[in-house]
Structure formats: C-alpha cells, structure tokens
Amino acid sequence: MLANTTRALTEVQREQWAVDGYLQLEGALSPAEVDFFSKQIDRVRTQPGYEPAPSRLPRGHYAWVDHADPNPEAFMDRRDLLNYHQAFIDLIDRPRVFDLILDLMGPYIQFSMSQAIVRASTETFPGYTHTDGGEAQRAIRVTETSRPLAVKVMYLLTDVTEPDSGNFTIFPGSHLRPFPERAERIPNPHMPGAVPLLGKAGDAYVFPHAIWHGPSPNRSGKARKTILYNYCQMFMRPYDFGTPYATLFERCTARQRRLLGDLGHDFRPGDFFYAPEDQVALMTGTA
Ligand SMILES: O=C(O)CCC(=O)C(=O)O
C-alpha cells in the first residue's frame, strides 16, 4: 500500500486495520531519508545510550552503556533516540505518517518511545513473538471499531525481500482474540498464523501494541535495520521518559512539545486525563 498522499486512511487501509490489525505503508521514507537514518543508526551505536542489559536488569529494561558493538552489522537495540539528532525529533510528527496516527488514534495522544533495532544475520537467533506494552496490555483487547490504546510505527531501513531475513512477523487479527501463551506452545514466528512481511527500505508498518508480532530469524547474510516510534493515548504513560521531556523542548515545535508532555503549565491533578483546550487544534495543525 503506497504511503498516503491524503491526511486520512483510505477505505482499504481502514478495512485492513479493522480486519488484519496492521498497515504497511510503502515509501513512507524517501531513499535519501533511508540513507540518512541508516548512517545515523551506525553513528548512534558508537555513542552512549540505553541498551538491554540481560545480566544486570530484568527483561524489557534498559541500562545506560558507553556504546554498542561498533560493527554496523552487529545486533543493536537502542532506546530513546531523540537526543541524537534533530531529525529524530522531527520524525515524531512526520507528515503523512503522523496524519494517519491521528486518524487512527484521535488527537488525545502522546509520544511514548523511540528505538532503533539492528538484527544481525546469524544462525543462532530463533526470533520471538510477543505483544508490546508489557504484561498488562497483553490482556487488554479493544474491539475493531475502537481507537487503539497504543500504536507503533516501524520504519524499515533495509530491504526485507525473503523469509527469515529478520522479517517483521505478525499474526493478523490476533489483537482481537485470545492467543496461545502456554509453555507447551510458546508463540514463535514459524507457528500457524504467522505472516512474515516482506518490504523495502523506506516502508513502514503501523500496528497496535495488542497484536502478536516479532522478528523472524535473520539468515539473509546482512543486518536488518529499523527505527520504531510509539504513540499512546494521553492518559497512559510514555515509557522512555518518566516526566515531560523538558530537556528537549527548546528544539521542538509546539506540537512536538505537547507530544512529549508539555501541557503549558506545571503539573496539576487532572492533567493528561483531560487535555488542554488547544489539544485538537495543536494536533491537527490548525492552532
Ligand atoms: O523486529 C524486531 O527487531 C523487533 C520488533 C518488535 O517486535 C517490536 O518492536 O516490538
């Protein structure tokens, strides 16, 4: 599905979202942007930042490290990209993609997380399947006609044209129904119902946290690079920053600041539950 030229979902996209639970936008990033962000990801891995620390922290938690493996083909899972370049801030509300996020989620949203993942080519990684948003969101399923609670955009920076190339692998419709999670039947990217998506560098996948998904093994001989940006309803919590991301505000537009938690006043009870009066105008760009 080509990236939209309009600010709203097409009828086909609306139907795919309702039935399958995800969208694939072709050419969401231009070739020049793919090249730029790919080089940025190579640079980011040589800088300090947040990475998983399985020997020190529980699963899903990230520790501050001096750098990742500097080899651009090696595994990397870096969180909180916004400080590394203005372009990462501007990607938050990139036209054409953010417009669709607004159409899907409504205007009462915030930005919750940024991440770059490089899946190295290796014989040892089997892939995995999960939902996003931790233990609690896994057990919450909204209906086809509901707005989603939280949504992720995954930008491909490498072509993924064959199975077992680190494909984003999804179980269409699994956000709407119970899913096997037993130890005897651990969800995995090769079980019935799994769809390993193919795509080109610059494509973006849009999916709710509630859908079962994950990476396939990567035996392609080359690393698969992605950038992931997450959005959630305002009454939920961002999970790259515990309070409004004030250190970034002077580099942001008014809309980006709001998405990073700037409500225009010091915190008071009721905030994030009821939105500021200019929320809709600010999000839709009519302020
Ligand atoms: O494909 C990957 O590397 C992981 C993507 C994923 O499952 C996620 O971001 O939740």
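Biologist: Which residues line the second largest cavity?

Modeller: Bear in mind that this is a predicted model: local features need pLDDT of at least 70 and side-chain atom pairs pLDDT 80 or more, while totals for chains, interfaces and linings use all residues. Residues count from 1 along each chain as its sequence is written, and side-chain values use heavy atoms, without hydrogens or water. A cavity is a set of points on a 1 Å grid over the protein atoms alone where a 1.4 Å probe fits but cannot get out, and lining residues have an atom within 4 Å of a point. Here the lining is Q137, I140, R141, V142, P148, L149, A150, P208, H209 and A210.

Biologist: How much space lies in the second largest cavity?

Modeller: Volume is the space filled by probe spheres set on the grid points, which are joined across faces, edges and corners. For the second largest cavity, that comes to about 60 Å³.

Biologist: Which element gives the largest share of the lining of the largest pocket?

Modeller: A pocket is an open set of grid points with protein on both sides within 12 Å along at least five of seven lines. The largest one has a volume of about 1,500 Å³, and of its 50 lining residues, R59, G60, Y62, R79 and H130 are the closest to its centre. By class, the lining has 23 nonpolar, 13 polar and 14 charged residues. Helices are DSSP runs of H or I, at least four residues, numbered from the N terminus, and the largest share of the lining, five residues, comes from α5.

Biologist: How many of the eight residues of helix α4 are buried?

Modeller: Buried means under 20% relative accessible area (1.4 Å probe, protein chains only). F98, D99, L100, I101, L102, L104 and M105 qualify. Helix α4 is largely enclosed by the rest of the structure, because the buried count is seven.

Note on methods:
Helix = DSSP H or I, 4+ residues; strand = E, 2+ residues; numbered from the N terminus. Nonpolar A, V, L, I, M, F, W, Y, C, P; charged D, E, K, R; others polar. Buried < 20%, exposed > 50% of the residue type's maximum accessible area, 1.4 Å probe, protein only.
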